[in-house]
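Please walk through this protein model with me, from its strands to its helices and loops. Keep the structure open as you read.

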Amino acid sequence: MTEAFDIVVIGAGHAGCEAALACARMGHDTLLTTLNLDSLAMMPCNPSIGGTAKGHLVRELDALGGEMGRAIDAVFIQSRMLNTGKGPAVHSLRAQADKRAYQRRMRRAVDDCPRLTLRQAEVARIVVENGRVRGVETTTGSHIECRAVVIASGVYLNSRIIIGECAWNGGPQGLMAANQLTENLIDLGFSIRRFKTGTPARIDGRTIDFAKMEPQYGDDPIVPFSFLTDASTLKNRAICYLTYTTPETHRIILDNLHRAPMYAGTIHGTGARYCPSIEDKVVRFKDKDRHPIFMEPEGLDTNEWYVQGMSTSMPEDVQRAIYASVPGLEHAKVLRLAYAIEYDCIDPTALDPSLRARHIQGLYLAGQVNGTSGYEEAAAQGLYAGINAALYASGREPMVLTRADGYIGVLVDDLVTKGTDEPYRMMTSRAEYRLLLRQDNADLRLTEFGYRAGLATQERYRKMLAKREGLIQARKALDKLHLTDRLRRTEENYDTLRASRLDLPELSPDVREQLEITVKYEGYIARQESAEREFRRLEDTPLPPNADYMSMSGLRIEARQKLDRQRPRSLGQASRIPGVSPGDISVLMIWLKAQNG
């Protein structure tokens, strides 16, 4: 059986959904395949979207025209802005999701999208001829011709579930693994790694003693993720709770450490340093007598509660004892055991800055197959790869975001330039220009990119332009009335200023926020803008794609090999490759000057 689509997206997790929606909305007949239709946009781990730095990714994804921000705004049950005690650069939105409602909302977006076809199928092989994608083949014998493929296979490649001494091949939440595509990726020249992640148990909420826990309430008013969402329509509908591990918890873990798969040698994949299991926390932080545990509801129509902060792969009997040692969980019933999962992923340095395989035209990879962790990192890559696959299928130049454009640019650059030896997690500290790359101005920074690519709508673009113009006019009014210095004071905000000066114009909340931040942090912003200009100078200095690095005698051997393998697109990207020194960059600059006469 042979059929044809413009683009095929493999995997319908958070990366795959964003990729497929972007491709179809940009005018391409797109096939989205998944091992199980019921797993579309599933949240096998946290029932939440956003968080520190991750909230930035979601707002940037939304600014470009993605779906995740609007989806979570429609189904969240509690919303909070994190890090409000710090500066605006690190403010990050996080929302608890009704996870089943989120799946239904994303399924509706996929089903209702013109030119997008959803199908349950396992892709076993990417068909490549003369270095160019020609199609895919499924395990059941279908041959599907296409011009581009986006692989968004998540944690399903040769995945293996581990609970204590028990292990089996399978995907999250009892789903099947994808057992054939890895061999094809090896045949296509990719280097394969083995990574690991995990998830806590799910507890029956009817058996939790919440009186022994501290309630955690949502914010009021609520800030939406999407720049298109009307904030006045949003409300919190659930409460989360905080409790802690105890010395008894730690004793149980240490007494049974020999049965922990990660210490017994059962697990061979590399885990995420910034999301350790509870046994890893107890071992690594022996000076702490307790660790925070957040109880989070999985939805409004279920009794399942997620035990945030207590991921483990301990045997079942140990798990039950661990959870019972936590205040409020003494009599809790475990509905789903915690587990670890190992899976295959690629070395992302095989990709170029558009997330396309450097050696195969039309092949893009996004999400955990690139070595990342988290729904938000996956969705951002999926959208980015989807936009670029659609541009490629149209014969257009790729959309490349740099580290100075957004957190998505930082994420992609880190992956394709530096690579990762463990599951990659986005953090605000990774962004050199984080005061410029705030979540509140994501639309001002990125909507034009999405609009030029053909994804962001006219409505979204007009709204961004109105916000930009409103900010310009508000600043002019402030300067004209000589009130700028007053607004810089810590105790002043625009509302208090306007109460005494009614000749100041009334501003919308988003414009008021932008004005206050740009005025109060003007000096810091100016310094980062200066550093950004120097960054862009190097980034805008292209390196020839056919440069013969191996013959450049001034370069060190390691630099020659790294540059020859990764083929950086610019002097800036070359400077960030591990093993390329400032001295090597000086040699490249001299060589470029000689080449240009």
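What follows goes through strands, a helix pair, some loop residues and some backbone details.

This is a predicted model, so local features need pLDDT of at least 70, side-chain atom pairs count only at pLDDT 80 or more, and totals for chains, interfaces and linings use all residues. Residues are numbered from 1 along each chain as its sequence is written, and side-chain values use heavy atoms, with hydrogens and water left out.

Start with the sheets. Helices (H or I, at least four residues) and strands (E, at least two) are DSSP runs, numbered from the N terminus. Two strands pair if DSSP finds at least two bridges between them. Strands of a sheet pair through backbone hydrogen bonds, either parallel or antiparallel.

Take strand β11, residues 148-151. It runs parallel to strand β2 (residues 7-10), and four bridges join the two. Val 8 stands opposite Val 149 in β11. β11 also pairs with strand β22 (residues 363-365), in the parallel sense, over three bridges. Here Ile 151 stands opposite Leu 365 in β22.

Where do the side chains of β11 point? In a regular strand the side chains alternate between the two faces of the sheet. Ala 148 and Val 150 point one way, and Val 149 and Ile 151 point the other way. All four are buried. Buried means under 20% relative accessible area, exposed means over 50%, and partly exposed lies in between (1.4 Å probe, protein chains only).

Next is an open sheet of four strands, in the order β1-β10-β9-β8, with mixed pairing. Its edge strands are β1 (2-4) and β8 (123-129), each pairing on one side only. The twist averages 25° from one strand to the next. β8 pairs with strand β9 (residues 132-138) in the antiparallel sense, over six bridges.

Now the helices. Helix α12 (residues 442-453) packs against helix α13 (residues 458-480) at an angle of about 145°, with axes 10 Å apart. Axes are lines fitted to C-alpha atoms, for helices over the stretch in contact, and angles run from 0 to 180 degrees between N-to-C directions. α12 passes α13 in a left-handed crossing. A crossing is left-handed if the near helix is turned anticlockwise from the far one by less than a right angle, and right-handed if clockwise.

Which residues meet between these helices? From α12 come Asp 443, Leu 444, Thr 447, Glu 448 and Tyr 451. From α13 come Gln 458, Arg 460, Tyr 461, Met 464, Lys 467 and Arg 468. By class, the contact has four nonpolar, two polar and five charged residues. Ala, Val, Leu, Ile, Met, Phe, Trp, Tyr, Cys and Pro count as nonpolar, Asp, Glu, Lys and Arg as charged, and the others, Gly among them, as polar. Contact means heavy atoms within 4.5 Å.

Asp 440 lies in the loop between α11 (407-418) and α12. Is Asp 440 buried or exposed? Asp 440 counts as buried because its relative accessibility is 5%. Its side chain makes a polar contact of 3.0 Å with the side chain of Arg 438. Another, of 2.5 Å, joins the side chains of Asp 440 and Gln 514. A polar contact is a pair of N or O atoms within 3.5 Å; within protein, one must be able to donate a hydrogen and the other to accept it, and residues adjacent in sequence count only if both atoms are side-chain atoms. Not counting residues up to four places away in sequence, Asp 440 touches residues including Arg 59, Phe 227 and Lys 467.

Thr 541 sits in the loop between α17 (522-539) and α18 (557-566). Thr 541 is partly exposed because its relative accessible area is 23%. Leaving aside neighbours within four places in sequence, it is in contact with Ser 570, Leu 571 and Leu 592.

Ala 41 is not a glycine, yet has a positive phi of about 55°. Ala 41 counts as buried because its relative accessibility is 0%. Ala 53, in the loop between β4 and α2 (54-64), also has a positive phi, near 70°. In α2, 11 of the 11 residues are buried, so this helix is largely enclosed by the rest of the structure. Gly 65 follows α2, and its phi is positive, near 115°. Finally, a cis peptide bond joins Asp 220 and Pro 221, with omega about 5°.
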